[in-house]
Amino acid sequence: MRASHGSEAHEVDNDGQAAAQARELTKIYGEGETRVIAVDQVSVDFRRAEYTAIMGPSGSGKSTLMHCMAGLDTITAGSARIGGTELNGLSDRRLTQLRRDRVGFIFQSYNLLPMLNALENIRLPMDVAGRRPDPVWLQQVIDTVGLRERLRHRPAQLSGGQQQRVAVARALAGKPEIIFGDEPTGNLDSRASAEILGFLRNSVRELGQTVVMVTHDPVAASYADRVVFLADGRVVGEMTSPTAEGVLGHIRRFEVQHASPRDG
Ligand code: ADP
C-alpha cells in the first residue's frame, strides 16, 4: 500500500496487509504563538515484510510521525493503527502494553542497560513482559547479528556497532509486528552502519520482519524497499527500490523546486 491523501484514505480500511497505517494523522504541539503542526494529515501504510525509510529535511516531522505511529506520542487528530489496533484513544496502560508486546524499537543511542550483559539486554523486553522467548528464534537472531561470542559482555565492553547489534537483536527477539528505528545508524561509522542496515534488510527479506526507519542518509535509505519523503509535516514524495544516487537526486530536485523565488 502506498502513501495517499484525502479520498483514497477510506478505500483502504486496513486490509490485513499493513503492519502500520496512518490516516489523516495530525500532530500539533503547543498553542497560540507556539503552535506547531508537526505532522499534517498524513496517510501512509507500512506493509508487512517491507523495509521503509522516512526522509526529509530537519523539522519536517519524521520523528513525530514515527513516534505517533509507534505509540510513543499521542495523536491530535486522525488515525494510527498497528495491525488492526487503533492507537488514537488508547489508554496509557494499553499503549504501554502494545509497545511492549507488538513493537520493536531501535534508537540512535542504543538505549542498553549498562549493568546487564548483551544477552540480558536482548531478553529484557520479554522478561519485563513475562514472556519466554522462542529459543530457536533467539539463537537464530543472535547468530545472525554475530553476537554469540559477546553475549556475556556488558555494553561498556562492546564497540558502538556491537552495541547497536545488541539493540537490533533486542528489537527482533520478541518477533514484533513492526520495528521502528530512529536514525538507527546515526552514531556508527560507515562499516558498522552497513552491517546493521544489511542485517535489517535481511530480517525483512529472510525473516519477514517489517522495518520503518527515519534517516537523513541516502546510503542508509538505499537499503530500504521504499522511501517516503516528508516536508513541512506532509508526504511529498515516494520512491521504490531506491539507490543512494536516486535519493540524493530526489532531494536536490525538491530543494530546487522549493527554493524561494529570489534564489533563482
Ligand atoms: P524531524 O524528525 O523531521 O527533524 P520533528 O518531528 O522532530 O522533525 O519535528 C517536527 C516539528 O515539530 C518541528 O518544527 C519541531 O520543532 C516540532 N516539535 C517536535 N517535537 C516537539 C515538542 N515536543 N514540542 C514542540 N514542538 C515540537
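User: What rules apply to the numbering and the values here?

Analyst: Residues are numbered from 1 along each chain as its sequence is written, and side-chain values use heavy atoms, with hydrogens and water left out. The model is predicted, so local features need pLDDT of at least 70 and side-chain atom pairs count only at pLDDT 80 or more, while totals for chains, interfaces and linings use all residues.

User: What makes a stretch a helix or a strand?

Analyst: Both are DSSP runs, numbered from the N terminus: H or I over at least four residues for helices, E over at least two for strands.

User: Why is α5 called largely enclosed?

Analyst: Buried means under 20% relative accessible area, exposed over 50%, and partly exposed in between (1.4 Å probe, protein chains only). In α5, 13 of the 14 residues are buried, so the rest of the structure largely encloses this helix.

User: How do you know that the span of α5 is close to the expected one?

Analyst: The expected span is 1.5 Å times one less than the number of residues. α5 has 14 residues and reaches 20 Å from its first C-alpha to its last, close to the expected 20 Å.

User: Why are α4 and α5 called roughly antiparallel?

Analyst: Two packed helices are described by the angle between their axes and the distance between the axes. Axes are lines fitted to C-alpha atoms, for helices over the stretch in contact, and angles run from 0 to 180 degrees between N-to-C directions. Angles under 35 degrees count as roughly parallel, over 145 as roughly antiparallel, 65 to 115 as roughly perpendicular and the rest as oblique. α4 (residues 135-144) and α5 (residues 160-173) cross at roughly 155°, with axes that come within 10 Å. The pair is therefore roughly antiparallel.

User: Which hand does the crossing of α4 and α5 have?

Analyst: A crossing is right-handed if the near helix is turned clockwise from the far one by less than a right angle, and left-handed if anticlockwise. α4 passes α5 in a right-handed crossing.

User: Which residues make the contact of α4 with α5, and how do they divide by class?

Analyst: Contact means heavy atoms within 4.5 Å. Trp-137, Leu-138 and Val-141 of α4 meet Ala-169, Leu-172 and Ala-173 of α5. Ala, Val, Leu, Ile, Met, Phe, Trp, Tyr, Cys and Pro count as nonpolar, Asp, Glu, Lys and Arg as charged, and the others, Gly among them, as polar. This contact has six nonpolar, no polar and no charged residues.

User: What makes α3 roughly parallel to α5?

Analyst: Their axes are 8 Å apart and pack at an angle of about 30°. That makes α3 roughly parallel to α5. In α3, Ala-118, Asn-121, Ile-122, Pro-125 and Met-126 meet Val-166, Ala-169, Arg-170 and Ala-173 in α5. By class, that is seven nonpolar, one polar and one charged.

User: Why are α5 and α6 also described by direction, and which term applies?

Analyst: Their axes come within 9 Å and cross at roughly 15°. α5 and α6 are therefore roughly parallel. Among the α5 residues in the contact are Gly-161 and Leu-172, and among those of α6 are Phe-199 and Ser-203. The contact divides into six nonpolar, three polar and two charged residues.

User: What makes the phi of Ala-49 stand out?

Analyst: Most residues other than glycine have a negative phi. Ala-49 has a positive phi of about 60° although it is not a glycine. Ala-49 is in the loop between β2 (36-47) and β3 (51-55). At 36% relative accessibility, Ala-49 counts as partly exposed.

User: Where is Asn-111, and what is its phi?

Analyst: Asn-111 sits in the loop between β6 (103-107) and α3 (118-129). Its phi is near 55°, again positive in a residue other than glycine. At 40%, Asn-111 counts as partly exposed.

User: Is Arg-191 buried or exposed?

Analyst: Arg-191 lies in helix α6 (residues 190-205). Its relative accessibility is 68%, so Arg-191 counts as exposed. Arg-205, also in α6, counts as exposed at 53%.

User: Why is Arg-150 called partly exposed?

Analyst: Its relative accessibility is 29%, so Arg-150 counts as partly exposed. Arg-150 is in the loop between α4 and α5. Beyond four places away in sequence, Arg-150 touches Ala-118, Leu-158 and Gln-162.
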